[in-house]
Amino acid sequence: MRDNFSKGMYPTLSQRAEFIANACDYVNEEIATYSKTNNKPSVAIVSFSFVNTDLRTTFRSTFPHAKWILVDTTKRMSEGRIEAREGHFYKNASQNIVVK
């Protein structure tokens, strides 16, 4: 998916749904593995860039007790961060960023 983003190719709704489901499964599996291995509950921190409604809604329903934190930034700061990253998949596409 990352390579496609850099070429301006975006996933279909079904591809997005599959990605989101796999991401939630991965987080659940990692939490379970840590808890079992360490004999104690675990805490997971999941970080998103450009979170879209479908991703946010699915994660919130899958992890109803999660605490959510919004880190807001300006368009200028977002562009600077992306451009500073070596090999970032969104590099040179920052003109398409919409920060509300």
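In this predicted model, K75 forms a salt bridge with E79, and their closest N and O atoms are 3.9 Å apart. The count of salt bridges comes to two.

- An α-helix has 3.6 residues a turn, so residues three or four places apart point the same way.
- K75 is partly exposed, with a relative accessible area of 38%, and E79 also counts as partly exposed, at 23% relative accessibility.

**The salt bridge between D54 and R16**

- D54 forms a salt bridge with R16, in which the closest N and O atoms are 2.5 Å apart.
- Because D54 lies in helix α3 and R16 in helix α2, this pair ties together parts that are 38 residues apart in sequence.
- D54 is partly exposed, with a relative accessible area of 28%.
- R16 has a relative accessibility of 18% and therefore counts as buried, since the limit for a buried residue is under 20%.
- When neighbours within four places in sequence are left aside, R16 is in contact with P11, N52 and D54.
- Side chains of opposite charge can pair when their charged atoms come close.

**Helix α2**

- Helix α2 comprises residues 13–38 and has 26 residues.
- From its first C-alpha to its last, α2 reaches 37 Å, which is close to the 38 Å expected at 1.5 Å a residue.
- The buried residues of α2 are R16, I20, A23, C24 and V27.
- Helix α3 (53–62) is included in what covers these buried residues of α2.
- A21 also has its place in α2, but this residue is partly exposed, with a relative accessible area of 35%.
- The C-alpha atoms of A21 and F59 are separated by 8.9 Å, although the two residues are 38 residues apart along the chain.
- Just after α2, N39 takes a positive phi of about 55°.

**The nonpolar core**

- The largest nonpolar core has seven residues in all: I20, A23, C24, V27, L55, F59 and F63.
- Both α2 and α3 supply at least two residues of this core.
- The largest share of the core comes from α2, which provides four residues.
- Not counting residues up to four places away in sequence, F59 touches I20, A23, C24, V27, V46, F48 and W68.
- In soluble globular proteins, nonpolar side chains tend to be buried together.

**Confidence of the prediction**

- The mean pLDDT of the protein is 79, and 78% of its residues reach 70 or more.
- Among the elements of the protein, α2 has the highest mean pLDDT, at 91.
- Helix α1 (residues 2–6) has the lowest mean pLDDT among the elements, at 67.
- Where pLDDT is low, the predicted coordinates should not be read in detail.

Conventions
Residues numbered from 1 in each chain as written. Predicted model: local features only at pLDDT ≥ 70, side-chain atom pairs only at ≥ 80, totals over all residues. Heavy atoms only, no water. Buried < 20%, exposed > 50% of the residue type's maximum accessible area, 1.4 Å probe, protein only. Expected span 1.5 Å × (residues − 1). Contact = heavy atoms within 4.5 Å. pLDDT = per-residue confidence, 0-100. Salt bridge = Lys/Arg side-chain N within 4 Å of Asp/Glu carboxyl O. Core = buried A, V, L, I, M, F, W, Y, C linked by side-chain atoms within 4.5 Å.
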